Amino acid sequence: MRKKFVFATNNAHKLEEVSAILGDKVELYSMKDIDCYDDIPETADTLEGNALLKARYIYEHYHKDCFADDTGLEVEALNGAPGVYSARYAGDAHNSEANMRKLLHDLEGVENRKARFRTVFALIIDGKEHLFEGIVKGEIIKNRRGTSGFGYDPIFVPEGYTQTFAEMGNEEKNKISHRAVATKKLCKFLLK
Ligand code: IMP
């Protein structure tokens, strides 16, 4: 029998990315699929904490094996900021343009441009919690380049590449991204 999991998201892009790696060995349900329309508060101060909050919410209310993710951009010269606050760095939730503007402003005149994207997945199976991490290192450039992707993609160049995530296009990005690395670890565990 195929294993069943709820992925605590309604983000179609994330669902597609994870389903593609999991293949047909796992039945994946979104929050909508289980009639959960709640806006789960992400109030923790770490990525691990937020991923666990979301997974625990589903497990406690719906009693189903599940997993959830959280991602942040961690900039070395800013001591890891914006990190867990990446989505609302400039105040407005999910305003990528304002977030990039603030980050470029904060890094004005700063030599060290090293940064990394970090994704954490929290999985709960039979009440037991597991964490999986995916990291992609790179640097923040001074001007936006490229139009694909989302969030901070136009100003992030991954290590070993010359294009930004936004110039690469989704197919290329999804092969090497933080989310892909974490997703592969999660999938390896689920399929073993
Ligand atoms: P979430 O946890 O996936 O919702 O990500 C939180 C925030 O991190 C997003 O709102 C984006 O600002 C940023 N972010 C996450 N993943 C990416 C990515 O792959 N590229 C660029 N920005 C990202």
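This is a predicted model: local features need pLDDT of at least 70, side-chain atom pairs count only at pLDDT 80 or more; totals for chains, interfaces and linings use all residues.
Start with the shell around the ligand. There are 14 residues in this shell, and Lys14, Asp70, Asp153, Lys173 and Arg179 come nearest. By class, the shell has 5 charged, 5 polar and 4 nonpolar residues. Two elements, β3 (66–75) and α6 (178–190), each supply at least two of the shell residues.

Aspartate 153 places a polar side-chain atom 2.6 Å from a nitrogen atom of the ligand. Lysine 14 has a polar side-chain atom 2.9 Å from an oxygen atom of the ligand. Histidine 178 also takes part: an N or O atom of its side chain is 3.1 Å from a ligand oxygen atom. How much of the ligand's accessible area does the protein cover? On its own the ligand has 470 Å² of accessible area, and the protein covers 91% of it.

Next, turn to the backbone. The peptide bond from alanine 81 to proline 82 is cis, with omega near -5 degrees. Proline 82 belongs to strand β4 (residues 82–83).

Asparagine 79 lies in the loop between β3 and β4. Its phi is near 55 degrees, a positive value in a residue other than glycine. Asparagine 79 is exposed, at a relative accessible area of 76%.

Aspartate 35 also has a positive phi, near 60 degrees, and is not a glycine either. Look for aspartate 35 in the loop between β2 (26–29) and α2 (47–62). Is aspartate 35 buried or exposed? Aspartate 35 is exposed, because its relative accessible area is 56% and the cut-off for exposed is over 50%.

Definitions and conventions. Residues are numbered from 1 along each chain as its sequence is written. Side-chain values use heavy atoms; hydrogens and water are left out. A residue is near a molecule or strand if one of its heavy atoms lies within 4 Å of it. A polar contact is a pair of N or O atoms within 3.5 Å; within protein, one must be able to donate a hydrogen and the other to accept it, and residues adjacent in sequence count only if both atoms are side-chain atoms. Accessible areas come from the Shrake-Rupley method with a 1.4 Å probe; for residues, only the protein chains shown count as cover. Helices (H or I, at least four residues) and strands (E, at least two) are DSSP runs, numbered from the N terminus. Ala, Val, Leu, Ile, Met, Phe, Trp, Tyr, Cys and Pro count as nonpolar, Asp, Glu, Lys and Arg as charged, and the others, Gly among them, as polar. Buried means under 20% relative accessible area, exposed over 50%, partly exposed in between (1.4 Å probe, protein chains only).
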